[in-house]
Amino acid sequence: MKEYKDTGKKDTRSGFGAGLTELGKSNENVVALCADLTGSLKMDEFKANHPERFFQVGIAEANMMGMAAGMTIGGKIPFTGTFANFSTGRVYDQIRQSIAYSGKNVKVCASHAGITLGEDGATHQILEDIGLMKMLPGMTVINTCDYNQTKAATIAIAKHKGPVYLRFGRPKVANFTAENGTFEIGKAVNLQEGVDVTIVATGHLVWEALEAAKTLNEDGISAAVINIHTIKPLDAKAIVDSVKKTGCVVTAEEHNYLGGLGESVARVLSQQHPAPQEFVATQDTFGESGTPEQLMEKYGLNAAAIVKAAKKVIDRK
């Protein structure tokens, strides 16, 4: 099986900051808006280099979305930045009406997503944002797995015409994808081939899926691992082709099993190639306060949970 090396833990939000900094130098139409969380979103360098293209709106997320929508009319490419909870749930009406309905070229960039926000607890954690955003017609939904991929995605979405939701996180996680790698929206990454079970993962759970595949291999189980960085549009072909070989699938995500990646995969398989599926995700619950590691363990969002789900779904074949 293919080995992936953690080159050093980094936070995905810093990947966003690095990508935005690079865009600031290469594309004069890129502008950035932030809702009083410049440091948390790693937007400081863009602000320092391009103060005339940076807009601090304060704790006024709804206004920020309206401002961003308006800026697109003049040809600007706005990147909005705040926590995922405030990027979606708090401003859903503004995104729906002013951005998605009008097809505005706004990039909604959301940090501190999922349960690994940690100690701030359930009011700041959001586990339903993927579902909210993927249901909006025309909205592209991206959930990156590490620093390198987040940087690449940030740069890539500036070239994409139309609204994008880019989701990333707070903690430092394994950085294992290629430095300066290409990022193709809507194209899954086959990390390794397998014949017994397909593991389809997104975001922070991609590294956990690779770790799970190692454990499964030691038990004589061959697992295919697919990195789904783009949840919408979904690479249905990559999923179906793999499941045709393995006969079953585990989906893994830091999100509620209702409305997330798992449901998107289930829809595709029900239409094209029905197969047993297990969901590694939160089970219709809010989060709570704790360290990221404690919460991932408690809510079953780690490699051990993926191993357990894989063995269960293989038994169902």
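This is a predicted model: local features need pLDDT of at least 70, side-chain atom pairs count only at pLDDT 80 or more; totals for chains, interfaces and linings use all residues.
**Notes on aromatic pairs, cores and cysteines**

1. Residues are numbered from 1 along each chain as its sequence is written, and side-chain values use heavy atoms, with hydrogens and water left out.

2. Now the aromatic rings. The search of the whole structure gives five aromatic pairs. Rings of Phe, Tyr and Trp (its six-membered ring) pair if their centres lie within 6.5 Å; planes under 30 degrees apart count as stacked, over 60 as edge-to-face and the rest as tilted. Y4 and F176 make an edge-to-face pair, with 6.3 Å between centres and 85° between planes. Y4 lies in the segment before β1 (10-11) and F176 in the loop between β8 (172-173) and β9 (189-192), so this pair ties together parts that are 172 residues apart in sequence. Helices (H or I, at least four residues) and strands (E, at least two) are DSSP runs, numbered from the N terminus.

3. Y4 and F176 are both buried, where buried means under 20% relative accessible area, exposed over 50% and partly exposed in between (1.4 Å probe, protein chains only). The rings of F83 and F86 have centres 5.9 Å apart and planes at 15°, so they count as stacked. F83 and F86 are buried too.

4. On to the cores. A nonpolar core is a set of buried Ala, Val, Leu, Ile, Met, Phe, Trp, Tyr and Cys residues joined through side-chain atoms within 4.5 Å. The largest one has 41 residues, and I95, M139, Y165 and I228 have the most contacts inside it. Among the elements that give it two or more residues are β2 (30-34), α3 (61-73) and α5 (92-100). Leaving out residues up to four places away in sequence, M139 touches I95, A100, M133, P163, V164, Y165 and K232, with contact meaning heavy atoms within 4.5 Å. A second, separate core of 36 residues includes L210, M296, L301 and A309.

5. A309 is in helix α12 (residues 303-315) and counts as buried at 8% relative accessibility. Beyond its neighbours within four places in sequence, A309 is in contact with V250, E278 and V280.

6. Helix α1 (residues 12-26) is worth a look. Its 15 residues reach 21 Å from first C-alpha to last, close to the expected 21 Å; the expected span is 1.5 Å times one less than the number of residues. Twelve of the 15 residues are buried, so α1 is largely enclosed by the rest of the structure. The buried residues include R13, F16 and L20.

7. R13 is also among the residues that S111 touches, together with S40, L41 and T82. S111 itself is in strand β5 and is buried, with a relative accessible area of 0%.

8. Finally, how many disulfides are there? The count is zero, a disulfide being a pair of cysteine sulfur atoms within 2.5 Å. For C109, the nearest cysteine sulfur is that of C34, 11 Å away. The sulfur of C145 is 17 Å from the closest cysteine sulfur, in C109, too far for a bond. C109 is buried at 0% relative accessible area, and C145 is buried at 3%.
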